[in-house]
Amino acid sequence: MAIPKSEELNFDLLPAAIVATILMKLDVASICSIRSTCKTLYACASQTLCFQPNFHLTEIGVPVDVLRPLLPHNPYLKSLRIDCSKLGDSAIRHLVRPSLQELSLQNCFDFNGKLLSAIGKCCTDLRSLYLGFIAENSGRSVNLSDLEDLLGGCPNLETLILMFDFSLFLPHKCAQLWSTASSKLCALELGYVYSATIEELLSSQLESQPSHKQPSVFPNLQKICLTVDYITDAMVGKLSKGLPSLTHLELRDAPLMEPIVTHDLSNFGIQQINLNGKLKHLSLIRSQEFFNSYFRRVNDLGLLLLADRCARIESISLGGFCRVTDTGFKTMLHSCSNLHKLRLSCGIQLTDLVFHDICATSLSLTHVSLRWCSLISNRAVTHLVANTSLTVLELRHCRNLGDEALRAIGSLRKLKILLLDGSDISDLGVSYLKERVVGSLASLSLRGCKRVTDKSISYLFDRSCKMNLQELDLSHLPNLSDNGILSFAKSRIPLLQLRMRNCPRIGNTSVVALASMQVNGNGWEGSSLRVLDLYNCGGIHFLSFSWLNKPYFPRLRWLGLCGSVNRNLVDALANSRPFLAIACEGEEMASDQWANADRLYMSTVDDAIEDDEDMVDNNRTRTDLHNIS
């Protein structure tokens, strides 16, 4: 029965307290969308932003004129997380607040060191600080005085992550500044820094401080993550002796040339790790990013000595240990009874024998990552899956893995992340995942598995079971065509990230199918994709651009395209969707020159698993900023 006009509900009559209570439970993106609906909600949302304790807007970068009204005076603001890719020094006064306890600023390309100085002078109650890509653009710089203001002005800092090039400062002067850092600091992560700076910082402390007293610098530091020029015996020894509370040690280097003896890690340095017996997480990675270099002075003896000191360790990541054989790796596995996370990369001499009798151990592994371990075969995976609690399994570039490995993996009911890049699997192997595994997966990568065809997509997405998949990587598949993407589109899976770069048979039909896709559940309307990588797909032509414009792909935040398709069309798309990041030069999504790829990915995986249910709940209520763009 129709409601008489006199009895129609008027939204303006709803009590303001109820509206405010509802808005306070929404995220920032949803509040911003609500502001654009009507005058009443605009006023309510604007008022809510004056009392919001958390302001998190990291999915897109917004210019300062858009950010300004979203960040009014708010004495209750405690946590601020922003993507600063479209901001500069003019935004500092809007970002720096005396009430802040957590500040996370990503992609600070266009900021000078004044940002550090302003934070130190204003945010005296800050507990956690993350600054990424500071002063990366030309003409921008950070001075030692800026760093001094930051360290001296934030006496309550507990977590500090600074991603910029510390090698621009002289080692002895940079080392002196850290003596003013917060004594409450528990976690520290730095961008590129000279190992000599770390050695000098801790050397002065060890010389002046009696062994039985608490250190004067970093007395409570438990976690340290460093990217250095060279991992050396001297630096490792000083870290172990100078930081007695250390439980988490991550070191990564990427040498430009072969290290000499005095600038390298050897068995002697390995022996000095964990002198205080408190270490629970250890990561030692030598990257081959610039030069084909390995830890050539560490062999099985080094890992035998390490195993004696690390019996209580819970997570270990080793990369570039080319002289370590099965004996060394196996000793680590059998000695560390509390080990849950194992990550090995570039294990040139690592074979199936390491995992042959893993069933005889008390290990309960949840995360296993084997990258560039070319001697690993199906047999190793068959033994590994005895750990039925595995939630993350990364087998990237283990080229001897085939369908039998997937048959074994098919028994892992709790698996959330499966990465099979570059393996020798076929459609038959993928079909083994259908019965028990595919329903639990949140992320799947078949990147570079050249025998995979459209049939694999049909097997996985036949709508026979409910799927929780959020990320799918189908890049570098020469036999993937539009037919496979049509099969996926029919499944109506609310995928968040889809990568199909360098697939020559993917064309306009795939774009149309994805743009027209209506997903199931959670109140979604239209495509749910936030990341779509179509770089160098052979069939993408001008027709696709009309389907990449509004109103299609309303939630898209990152798009990979080949700029040579038509630069004018790409520029027009960028102008029509200012909040969409378009990558045309082949760059990967969220690439980070400072981050250890293994560490960054696995920490993201950990967060994804822990927050999986929260993400689903957020998807039910989140609306998008495209309404205000």
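**Briefing: burial, packing and salt bridges in a predicted model**

L469 touches L441, A442, S443, L444, F461, I493, P494 and L495, leaving aside residues up to four places away in sequence. The structure is a predicted model, and its chain averages a pLDDT of 86. Of the 629 residues, 54% count as buried, and the chain has 23 helices and 20 strands.

- L469 is located in the loop between α17 (454-460) and β16 (471-473).
- Is L469 buried or exposed? With a relative accessible area of 2%, L469 is buried, because the limit for burial is under 20%.
- S443, one of the residues that L469 touches, is 26 residues away along the chain, yet the C-alpha atoms of the two are separated by 5.9 Å.

**Confidence and overall organisation**

- A pLDDT of at least 70 is reached by 88% of the residues.
- Over residues 591-629, by contrast, the pLDDT is below 50. Beyond near neighbours in sequence, this stretch has 83 contacts in the model.
- Where pLDDT is low, predicted coordinates should not be read in detail.
- Among contacts between residues at least 6 apart in sequence, 76% join residues at least 24 apart.
- The chain exposes about 26700 Å², and carbon and sulfur atoms supply 52% of that area.

**Helices and their buried residues**

- In helix α3 (residues 39-48), the residues L41, A45 and T48 are buried. They cover an arc of only 55° around the axis, which puts them on the same side of α3.
- The packing partners of the buried α3 residues are α1 (16-24) and α2 (28-35).
- Helix α10 (residues 233-242) is mostly covered, with seven of its 10 residues buried. These are D233, M235, V236, G237, L239, S240 and G242.
- Helix α13 (residues 326-335) has D326, G328, F329, M332 and L333 as its buried residues. They pack against α12, β10 (315-319) and β11 (341-345).

**A nonpolar surface patch**

- L256, M257, F290 and F291 make a nonpolar surface patch of about 440 Å².
- F290 counts as exposed at 52% relative accessibility, because the limit for exposure is over 50%.

**Salt bridges**

- Side chains of opposite charge can pair when their charged atoms come close. How many salt bridges does the structure hold? There are 22 salt bridges in the structure.
- E102 and R81 meet through their side chains in a salt bridge of 3.0 Å, N to O. E102 lies in strand β3 (residues 102-106) and R81 in strand β2 (residues 79-83), so this pair ties together parts that are 21 residues apart in sequence.
- Both partners are partly exposed: E102 has a relative accessibility of 22%, and R81 has a relative accessible area of 32%.
- E289 forms a salt bridge with R252, and their closest N and O atoms are 3.4 Å apart. Because E289 lies in the loop between β9 and α12 while R252 lies in strand β8 (residues 248-253), the pair ties together parts that are 37 residues apart in sequence.
- In this second pair, E289 is partly exposed, with a relative accessible area of 47%, whereas R252 counts as buried at 9% relative accessibility.
- D357 and K330 form a further salt bridge between their side chains (3.6 Å, N to O). D357 lies in the loop between β11 and β12 (367-371) and K330 in helix α13, so the pair ties together parts that are 27 residues apart in sequence.
- D357 counts as partly exposed at 26% relative accessibility, and K330 counts as partly exposed at 26%.
- Salt bridges that share partners join R447, D473, R501, D533 and E588 into one network.

Terms used: Residues are numbered from 1 along each chain as its sequence is written. This is a predicted model: local features need pLDDT of at least 70, side-chain atom pairs count only at pLDDT 80 or more; totals for chains, interfaces and linings use all residues. Side-chain values use heavy atoms; hydrogens and water are left out. Buried means under 20% relative accessible area, exposed over 50%, partly exposed in between (1.4 Å probe, protein chains only). Helices (H or I, at least four residues) and strands (E, at least two) are DSSP runs, numbered from the N terminus. The arc is that of the directions from the helix axis to the C-beta atoms. Contact means heavy atoms within 4.5 Å. Patches are made of residues with over 30% relative accessible area and no salt bridge: like charges are joined within 9 Å, nonpolar side chains (Val, Leu, Ile, Met, Phe, Trp, Tyr) within 5 Å. Accessible areas come from the Shrake-Rupley method with a 1.4 Å probe; for residues, only the protein chains shown count as cover. A salt bridge is a side-chain nitrogen of Lys or Arg within 4 Å of a carboxyl oxygen of Asp or Glu. pLDDT is the predictor's confidence in each residue, from 0 to 100.
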